[in-house]
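Take the model one region at a time.

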Amino acid sequence: MNKYNPPRMNPSSLRSRFATRFLRSLSKINAKKPTASSSSPTEIFRRYRRIKVAADKSMAYSVRSRRTWSRAMLWKLRTRPCCRRSVKTSTIVRKTRHEKQNKNTTTTTGEDGVVFGVEADELRELVPGGEAMDLYNLLDETAHYIKCLTTQVQVMKKIADFYSP
Amino acid sequence: MSSRRSRSRQSSGSRITDDQIIDLVSKLQQLIPELRGRRSDKVSASKVLQETCNYIRNLHRQVDGLSDRLSQLLASTDTDSDQAAIIRSLLME
């Protein structure tokens, strides 16, 4: 992933990978419109759910398994209740249990007594896969997660502005 | 596998120092708009974490809002023909 985006179009940047995937998903979602009720509140809500999942999926796939948070997010997406097909859950579950064994106590202390306590736990709930991370990895993953979230928001904003009347 | 004291899976054997944690915290601080300009010794680490949590929640809310907006906008458009134009304009920045 490029940290400093050059002014020209970079086909391998996170932003372009996410944008391409997400736009593709949007086309698919749009193609599923039932002709009669495409503007009913239920339909709109369903589409909202699908778009949100597509956004997270596109982001996670653009990062692939290079990051703990993206692996955790991909796992969550694949084992959603509505996705009954696919997935060898046994291997993935074994891996998660192993990761959980490395979890430290709730009061997170640095080597010299820098205590983070409650805030670190809150952060663990917000970052996918955070429950199994030690403090160092948590902070590292959070920084990358924030960068990806801001990219996601920027791209989605541009798309929404493009389609706004 | 790892001893009870070792916290890192990356550097074999060496413990994660407080300095490394402080480095990561100040790196996080630079990513958060509210705290970006302030000197890192004036902002406590726990404040950085707190603001990080708020910022992530804010970003999640923005994603939700944008998904909502897109779901209503898509109700009346056809996306395929526009894709190339969007991608080009998106990536030109």
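Phe18(A) and Phe22(A) sit in helix α1 of chain A, four residues apart, about one turn of the helix. Helices here are DSSP runs (H or I, at least four residues; strands are E, at least two), numbered from the N terminus. This is a predicted model, where local features need pLDDT of at least 70, side-chain atom pairs count only at pLDDT 80 or more, and totals for chains, interfaces and linings use all residues. Residues are numbered from 1 along each chain as its sequence is written, chains are lettered from A and ligands numbered from 1 in the order in which they are written, and side-chain values use heavy atoms, leaving out hydrogens and water.

Both Phe18(A) and Phe22(A) are buried. Buried means under 20% relative accessible area, exposed over 50%, and partly exposed in between (1.4 Å probe, protein chains only). Four aromatic pairs are counted over all chains. Phe18(A) and Phe22(A) form a stacked one, at 5.4 Å centre to centre with 10 degrees between the planes. The rule takes rings of Phe, Tyr and Trp (its six-membered ring) with centres within 6.5 Å; planes under 30 degrees apart are stacked, over 60 edge-to-face, the rest tilted.

What does Phe22(A) touch, not counting residues up to four places away in sequence? Its partners are Ile51(A), Ala54(A), Ala55(A), Ser58(A), Met156(A), Ile159(A) and Leu70(B). Contact means heavy atoms within 4.5 Å.

Phe22(A) also belongs to the largest nonpolar core, which has 62 residues. Such a core is a set of buried Ala, Val, Leu, Ile, Met, Phe, Trp, Tyr and Cys residues joined through side-chain atoms within 4.5 Å. Among the residues with the most contacts inside it are Trp69(A), Leu139(A), Leu28(B) and Ile56(B). Its largest share, 15 residues, comes from α6(A).

Now turn to chain B. Its pattern along the sequence is α-α-α, with three helices and zero strands. Of its 93 residues, 37% count as buried. In α3(B), the buried residues are Gln83(B), Ile86(B), Ile87(B), Leu90(B) and Leu91(B). Seen down the helix axis, they fall within an arc of 115 degrees, so they line one face of α3(B). That arc is taken from the directions from the helix axis to the C-beta atoms. These buried residues pack against α1 and α6 of chain A.

One polar detail remains. Arg67(A) lies in the loop between α2 and α3 of chain A. Its side chain joins that of Asp140(A) through a polar contact of 3.4 Å.

Technical notes: Polar contact = N/O pair within 3.5 Å; in protein donor to acceptor, adjacent residues only side chain to side chain.
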